[in-house]
Every structure is written in structure tokens, then in C-alpha cells.
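Please examine the structure shown below together with its sequence.

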Amino acid sequence: MVSPATRTRFEGSDDHLLQVIDLKTHFPIRRGFLQRVAGHVKAVDGVGFHLRTGETLGLVGESGCGKTTVGRTILRLIPATGGRVIYKGQSVFDQPASEMRRLRREMQIIFQDPAGSLNPRMRVASIVGEPLEVHGLAKGEELRDRVENLLVRCGLWKSAADRYPHEFSGGQRQRIGIARALALEPKLIVCDEPTSALDVSIQSQILNLLKDLQDEFGLSYLFISHDMAVIHHICDRIAVMYDGRIVEEGDRESIIERPQHPYTQALLSAVPEANPRRKRERIRYEGMRM
């Protein structure tokens, strides 16, 4: 439970673009012929953190720890069970549909699977331009120009607008997804494992692109990943998540160089060593719910 003093401290911070307070997302377990609720899976169980303007916060943990659920709950793609999400001083969960439509222009997501997140029956021009059309921001030649400029800025070419997703490589498809997320000129982007499905060489290109776009457009990222090496490369601060809760949070160097929680130490021990002659002792963590 978040104390009143803590809540006041969070909500009174002017430099916090996003504040997550005691967030909970539980999924019902249904059994029997009548599908009665027999219990709940506590995917997210009391998560709290903040994200400053222009900052990248890494949310890291093993598969199944609830980090993706956190990102999607913040954007209201999944209903929350409890807690609060404050964006620019506004409670996201309390907004009516009309106001949420406006907020969605400023809060976007880049999905993990670039192939699965793109409609295979739509040309790239329609995929990237659809948000602009839905929000009534551009049409006709202006729409086409904006789509082409977005594609070029994300490392593609103008003629890519006339092709279908299956005609591109995985890295190129992720660039299309990034262009779509940028279309509405957002302030906050949830990056949900955007490089995990890509080759290592392509991962570095996408990460560098995201950093360049952040500098150019003043973006703030909630970067979700299970890879501590990726998190170390791109993030300013790190929040380590285990079993639905954040067990450790701090700036990048303190988490990487001086991890305090045994689970964080176990994650770091699993990062491959660049020098084959050096051996890193693997730490096994058999923890309990905190």
C-alpha cells in the first residue's frame, strides 16, 4: 500500500512525465463447467516507479515476471486491477474515452514481434499513415509526404511505402513499427522487447536509432527487456522486476556495478562474457515472493 506521504511526493514532482503508483493487474483463474473464478494470477502486484522527461527507464526481468503486462496496463491496453498511473499530472485510468483518445497521441508502443504487429494485408503507407488518418492530422498528399519522411528518418526509403510487410527483413519491419509509433509525435513510448526477435548486429542498429530519435524528438522510453546487456546500453535508470514486483531500482551504473538484490545478481551473472578466457560464476536464484 502506498502511503499518503509517498503519493504526495510522486504527484508533486514536476519533472516526472509518468508516475506509476501501486499498480496491480490480476487475471482470474476460471474452472469447472460454469467457469467460476477459483483464484487469480497476480501478474503485476504493487509496482511503482517514475519516468522523467527525456529519460529511458529499463524494466528488466525474466520471461513471465509481468514486465510486458506493466507496459500494456499503463497504456490501458489491459485493464488494471488497482493502483494509479499519472501522466503529466493526469490520472490515466480516470480519463473518459474522448480524453483517452487525446492521450493516446502522446503515449505509443513498439511491440516485440515486428511481423505480428503489422497487418500483412496493408501496405506500409497505410500502416504508418493510419494513426494520422484516425486522428484527422493529415490526408492526401500531405499524408503521403509525412509517411515517406517518417520511413526515411527510420532508415528506410520512400518507395517502401508501396510494399507489404512480408517483403522486408525483421529489422526493417521493426523500423516500420518505430515509424508508426512516431507518426503522432508522442512524448512517451513503451518499447516492449523491441530487439529480442532480431539478430545481434541488427539489435545494435535499432538501439542506436532509438537513441538518435530520443535526442531529436525529446522522447521518454519505458524500455522493457530480459537482456541486461541491452538495458545497460540504452537505459539511464533500471528497475528490476521479479514475480510481479520491482525488487531493485536505481541508476544504471549502481545496478550494474553494485547490485544489491540476489535476483539482480543472478541476472547479471547470466550475461555472456565477451572474453572467452574469462569465466563468470553463474548465480542461481531460488527466491520467494518479496
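Four bridges join β3 to strand β9 (residues 237-242), and the two strands run parallel. Since this is a predicted model, the pairing described here is computed from predicted coordinates. Within this pairing, L59 has A239 of β9 as its bridge partner. Strand β3 is also joined to strand β8 (residues 220-225), here by five bridges and again in parallel. In that pairing, G58 stands opposite F223 of β8.

These pairings belong to an open sheet of six strands, in which the order is β6-β7-β8-β3-β9-β10 and the pairing is mixed. The edge strands are β6 (107-110) and β10 (245-251), each of which pairs on one side only. On average, neighbouring strands of the sheet are turned by 20° against each other, direction ignored. An antiparallel part of the sheet is found where β9 and β10 pair over six bridges. There, M241 stands opposite I246 in β10.

How many of the five residues of strand β3 are buried? Five of the five residues of this strand, 56-60, are buried, and β3 is therefore largely enclosed by the rest of the structure. For this reasoning, a residue is buried when its relative accessible area is under 20%. In a regular strand, the side chains alternate between the two faces of the sheet. In β3, both faces are covered: T56, G58 and V60 are buried on one side, and L57 and L59 are buried on the other.

Helices lie across this sheet as well. Helix α2 (residues 67-74) lies across β3, β6, β7 (188-192), β8 and β9, and runs at about 150° to β8. Helix α7 (residues 200-217) lies across β3, β6 and β8, with an angle of about 160° to β8.

A disulfide is a covalent bond between the sulfur atoms of two cysteines. With a cut-off of 2.5 Å between cysteine sulfur atoms, the count for this model comes to zero disulfides. Are C65 and C154 buried or exposed? C65 is buried, because its relative accessible area of 2% falls under the 20% limit. C154 is buried too, with a relative accessible area of 0%.

Terms used
Residues are numbered from 1 along each chain as its sequence is written. This is a predicted model: local features need pLDDT of at least 70, side-chain atom pairs count only at pLDDT 80 or more; totals for chains, interfaces and linings use all residues. Side-chain values use heavy atoms; hydrogens and water are left out. Buried means under 20% relative accessible area, exposed over 50%, partly exposed in between (1.4 Å probe, protein chains only). Two strands pair if DSSP finds at least two bridges between them. Axes are lines fitted to C-alpha atoms, for helices over the stretch in contact, and angles run from 0 to 180 degrees between N-to-C directions. Contact means heavy atoms within 4.5 Å.
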